[in-house]
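Hello,

Here is the structure I promised to pass on to you. Have a look at it first, and then read my notes below.

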Number of protein chains: 4
Amino acid sequence: MKLRSFLPMLLLALGANAQLATKPALTLEAAKKIAAASEAEARKNNWNVVIVIVDDGANLIYLQKMDDTQIGSIDIAQGKARTAVRMKRPTKALEDAVAAGRNALLTLPGATPLEGGIPLMVGGKIVGAIGVSGVQSNQDAQIAQAGAAVLAQMK
Amino acid sequence: MKLRSFLPMLLLALGANAQLATKPALTLEAAKKIAAASEAEARKNNWNVVIVIVDDGANLIYLQKMDDTQIGSIDIAQGKARTAVRMKRPTKALEDAVAAGRNALLTLPGATPLEGGIPLMVGGKIVGAIGVSGVQSNQDAQIAQAGAAVLAQMK
Amino acid sequence: MKLRSFLPMLLLALGANAQLATKPALTLEAAKKIAAASEAEARKNNWNVVIVIVDDGANLIYLQKMDDTQIGSIDIAQGKARTAVRMKRPTKALEDAVAAGRNALLTLPGATPLEGGIPLMVGGKIVGAIGVSGVQSNQDAQIAQAGAAVLAQMK
Amino acid sequence: MKLRSFLPMLLLALGANAQLATKPALTLEAAKKIAAASEAEARKNNWNVVIVIVDDGANLIYLQKMDDTQIGSIDIAQGKARTAVRMKRPTKALEDAVAAGRNALLTLPGATPLEGGIPLMVGGKIVGAIGVSGVQSNQDAQIAQAGAAVLAQMK
């Protein structure tokens, strides 16, 4: 994303009344690297999980189910990833709010307010999210975080 | 199921690069025996229920509705069976967690967190689940358990 | 998968009153290899597609979306894979039947009767399916077939 | 249905202004016998199918999936049974109408206009339907018919 993204930004800076923009974006290659880091964290702990990566439109880029993971986690991991990108925050924030008594959040359409979904951010912009399900929610989040951490090294 | 499940596992261990696996599976014959044991437990107590058995992919193998059971139990029993196999645990665990205040679990996609769904396990692997609905949840679970117990004698 | 699948079948035949069965199963490792072969076929032709692999219960094991693929293909590829495993035949058979005038097939619950979904078989048993969407349906099927062909070499 | 149905009808005739009625009804026992006859017909031909029996409210009484039946047939057999009872006619009538060009029937809410669903009638009243799926549609219907035929001998 060197030259190709530099030029539009330059032009954007020059064009005082620019009406179009560029946004950073995940690629399948990036998603696979993020997922691989999460899978490594899971295997290190002998945990079986589903790992999901969605883009900034909450649409699936990547999903993998490790052997013997409960099949319910396929939908839950997707729900966590979608919720993290749609609400632009870790799903733990929503789970904590519900736990604190804000049950009204349970009505958020299509939301999965369970820890284990983490937004993927680049330069302050959201590019997607990772969702993990299969073990304890805080362990799911630990696996998701290992994947999200990889993004910082990307360019 | 002694020899038959032991040999594949042995061969699996020997095949260093095994990419395919084998897994134990229910048959219709097994499902009918499990359901018959559950029905006997229900009749012994003069209880009318719906009894459902799903496979490891949460797909229906068997369903029967005893006369005079409330028709809402048709969907609830299926929901309990599907939830038990999808979450690989008795649905009572989910009902208890919700009762203890983890309301966020109410958003699990398609889940029925009500006691009365029990996973069916063979050699540590999940082969399906049984779900029962029609009387009190703990009575539903008692009926489901009577069916699940039959699996241990099968081969 | 020679010896390993032969022995259980032999034992099954010997056990006159067998109530449980064994069945071959995909692993994540197998799914990744199948998907990699499909992705290679797509890249060779400069095609961008979504590749989906489901297990024998029509549950997701693996999904990847190549860059710039239309996002509608995420659901379509899943639909094709699910339909192929649920109907135990290539989705082309359904598309052809509809094209020949059997419009009633359009009402099949949840079916996606579009070419590009292919069952994955091991020793005559279905272990899952691959679904591809993104280019012309016959090209989608060509990509799916390249993945399915890898299964024959697995054990 | 000799005495048990005769007396209410007698009383009904005596009560000049009767506002309530009785209706013949399937029992689980009847459903199991109907399904057993269908299963026997299927086994005789080495066919694997899903057999479904619903009551006059289109609600499930009984479902069984024979081993190795495609899992898509679980929903299709239910759809056929529900459609037969809801429309009070064999689903073949709907399939024929669609085949004759009446595509508007494809929009019937929740309908499965595919041969293999047959109403179960007692004394001119509908008491439910049987739906079968798994082989060719006319073979599905043959299996369903074998079950429906059993009803005539019941009393």
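How many salt bridges does a search of the whole structure find over all chains? The search finds 36, where a salt bridge is a side-chain nitrogen of Lys or Arg within 4 Å of a carboxyl oxygen of Asp or Glu.

Before the details, a word on how to read everything. This is a predicted model, in which local features need pLDDT of at least 70 and side-chain atom pairs count only at pLDDT 80 or more, while totals for chains, interfaces and linings use all residues. Residues are numbered from 1 along each chain as its sequence is written, chains are lettered from A and ligands numbered from 1 in the order in which they are written, and side-chain values use heavy atoms, with hydrogens and water left out.

Side chains of opposite charge can pair when their charged atoms come close. Take Asp68(A) and Lys125(B): their closest N and O atoms are 2.9 Å apart. Asp68(A) sits in the loop between E2 and helix H3 (72–87) of chain A, and Lys125(B) in strand E5 (residues 125–133) of chain B, so this pair joins two chains. (Helices, H or I with at least four residues, and strands, E with at least two, are DSSP runs numbered from the N terminus.) Asp68(A) is partly exposed at 41% relative accessibility, and Lys125(B) is partly exposed at 33%. Here buried means under 20% relative accessible area, exposed means over 50%, and partly exposed is in between, with a 1.4 Å probe and protein chains only.

Now look inside chain A, where Asp140(A) and Lys80(A) meet in a salt bridge of 3.0 Å, N to O. Asp140(A) belongs to helix H5 (residues 137–150) and Lys80(A) to helix H3, so the pair ties together parts that are 60 residues apart in sequence. Asp140(A) is buried, with a relative accessible area of 1%, and Lys80(A) is buried at 1% too.

In chain C, Asp140(C) and Lys80(C) also form a salt bridge, at 3.0 Å from N to O. This pair links helix H5 (residues 137–148) with helix H3 (residues 72–87) of chain C, 60 residues apart. Asp140(C) counts as buried at 2% relative accessibility, as does Lys80(C) at 2%.

There is a network of salt bridges to find as well: it links Lys23(B), Asp56(B), Lys23(C) and Asp56(C).

**Aromatic pairs**

How many aromatic pairs does the structure hold over all chains? It holds 2. Rings of Phe, Tyr and Trp (its six-membered ring) pair if their centres lie within 6.5 Å; planes under 30 degrees apart count as stacked, over 60 as edge-to-face and the rest as tilted. Tyr62(A) and Tyr62(C) make an edge-to-face pair, 5.4 Å centre to centre with 85° between the planes. Tyr62(A) is in strand E2 (residues 60–65) of chain A and Tyr62(C) in strand E3 (residues 60–65) of chain C, so the pair joins two chains. Tyr62(A) and Tyr62(C) are buried.

Tyr62(B) and Tyr62(D) form an edge-to-face pair, with 5.4 Å between centres and 85° between planes. Both Tyr62(B) and Tyr62(D) are buried.

**Nonpolar cores**

A nonpolar core is a set of buried Ala, Val, Leu, Ile, Met, Phe, Trp, Tyr and Cys residues joined through side-chain atoms within 4.5 Å. The largest one has 54 residues, and those with the most contacts inside it include Val52(A), Leu63(A) and Val52(B). Apart from it lies another core of 50 residues, among them Leu28(B), Ala35(B), Leu120(B) and Ile51(D).

**Chains C and D**

Chain D can be laid on chain C with an RMSD of 0.3 Å, by a turn of 88° and a shift of 0.5 Å along the axis; copies are superposed by least squares on the C-alpha atoms of residues with pLDDT of at least 70 in both. The two copies are thus related as by a four-fold rotation axis.

Where the two chains meet, 17 residues of chain D are in contact with 17 residues of chain C, contact meaning heavy atoms within 4.5 Å. There are 3 salt bridges between chain D and chain C. The side chains of Lys125(C) and Asp68(D) meet in a salt bridge of 2.9 Å, N to O.

Happy exploring!
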